[in-house]
Amino acid sequence: TIQQYLTDGTKFGQLLNESDWCNLQIFTKKNNNRRRPLLITKEEFIKDLKDKDNFIKPDLIPILMFREEFEIHHVMIVEIDKGINIGISFIYNELDRIAIVTGIHINKLLLYRQHQYISLQHMTECKCF
């Protein structure tokens with residue numbers, strides 16, 4: 001599973017180094033006129049992920065993603081700078097037995113809505129975020 005994959009030091013290092021961080025899809029709301037950009041190199045981004053212990057015991061939040069068809073992805077909220085959190089989404093490839101990074105999420109409300117689609121219980125009360 002994704003959680004086991006992320007807590008394995010060797011596999012985690014391989015995932016960080018082999019993911020194409022610079023070309024991942026960024027998920028945010030459309031027509032976002034107000035932004036606070038954070039420019040960071042791939043090497044610094046990976047270093048921050050490792051240094052801040054984001055992957056020691058990852059809490060994964062399931063969300064429903066719509067592409068050609070719907071898929072369940074798992075998002076981990078990580079701190080990349082003081083007071084700046086993003087969500088990194090993953091799917092697990094059962095065939096190859098690897099986790100794959102599928103995107104970076106920067107809109108908490110959009111993530112929350114995608115999470116609510118997983119279970120109606122999360123519509124009224126959710127403590128996952």
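Modeller: What follows is an account of strand β5 and the strands paired with it. This is a predicted model, in which local features need pLDDT of at least 70 and side-chain atom pairs count only at pLDDT 80 or more, whereas totals for chains, interfaces and linings use all residues. Residues are numbered from 1 along each chain as its sequence is written, and side-chain values use heavy atoms, with hydrogens and water left out.

Strand β5 covers residues 98–105, where strands (E, at least two residues) are DSSP runs numbered from the N terminus. Because six of its eight residues are buried, β5 is largely enclosed by the rest of the structure; buried here means under 20% relative accessible area, with exposed set at over 50% and partly exposed in between, using a 1.4 Å probe and protein chains only.

Two strands count as paired if DSSP finds at least two bridges between them. Strand β4 (residues 84–93) meets β5 in the antiparallel sense over seven bridges, and among the partners is I98 of β5, which is bridged to N93. The two strands, β4 and β5, form a hairpin with four residues between them, and R97 in that turn has a positive phi of about 60 degrees.
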